[in-house]
Amino acid sequence: HVVIEGYELPGRTFCAPDGSPLHNVRVGVQIRSLPEGLVAGDSDSARWDIEINVVEDANGELDFRGAAVHGKRGERFVYLTWGNVTDLGHFEMFRRAKLMLSRVDSELIRTAGMPGSFLVGSVRLSDRHGAPRCARVDPPDLIWTVTSRA
């Protein structure tokens, strides 16, 4: 079980790369090819609970599986997908952020697999210009910890 907690959201408006204004910006976790759990860009915080299975091969290498997991073996990640929701309710994606699972310390992952524990990724959702965060997210903008279930 993995929890993604977002903070410092960039707001509901944004100027798209083509210069057009977007007025209903949302962010969600990408499950297969679709965004789920959309959160308004002007929210105080965001939270997604994701089921991710960790498998270990004979050499002790960890790999990740699940509907929210993307990328090839050794480079797995979770996408946070940014889009504008139109007046007709259509989500129009304009950028994505990659939360690299393959960069999480393996001992942290093993500890999160213990009964009653889970992995938490805390991610700053605004970039240094105040825009929706995109591309690969690294520390200090993404911190992974383990928490016990309350």
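## Secondary structure and overall dimensions

The chain has 1 helix and 14 strands, where helices (H or I, at least four residues) and strands (E, at least two) are DSSP runs numbered from the N terminus. Its radius of gyration, taken over C-alpha atoms, is 16 Å, close to the 15 Å that the globule rule gives for 150 residues, so the chain is as compact as a globular protein of that length. The globule rule is 2.2 Å times the number of residues to the power 0.38. Along the principal axes, the C-alpha trace spans about 50 × 30 × 25 Å.

This is a predicted model, in which local features need pLDDT of at least 70 and side-chain atom pairs count only at pLDDT 80 or more, while totals for chains, interfaces and linings use all residues. Residues are numbered from 1 along each chain as its sequence is written, and side-chain values use heavy atoms, with hydrogens and water left out.

## Contacts, surface and charge

Contact means heavy atoms within 4.5 Å. Of the contacts between residues at least 6 apart in sequence, 59% join residues at least 24 apart.

The accessible surface, from the Shrake-Rupley method with a 1.4 Å probe, comes to about 8,200 Å², and 48% of it belongs to carbon and sulfur atoms. The chain carries 18 positive and 20 negative charges, whose mean positions are 3 Å apart. Lys and Arg count as positive and Asp and Glu as negative, without His and the chain ends; each charge is placed at NZ of Lys, CZ of Arg, CG of Asp or CD of Glu.

Buried residues (under 20% relative accessible area; exposed is over 50%, partly exposed in between; 1.4 Å probe, protein chains only) make up 43% of the 150 residues.

## Backbone exceptions

Most residues other than glycine have a negative phi, and most peptide bonds are trans. Arginine 32 has a positive phi of about 55 degrees; this residue lies in the loop between β4 and β5 (34-40) and is exposed, at 59% relative accessible area. Alanine 135, in strand β13, has phi near 70 degrees and is partly exposed at 47% relative accessibility.

The peptide bond from proline 139 to proline 140 is cis, with omega near 10 degrees. Proline 140 sits in the loop between β13 (135-137) and β14 (142-148).
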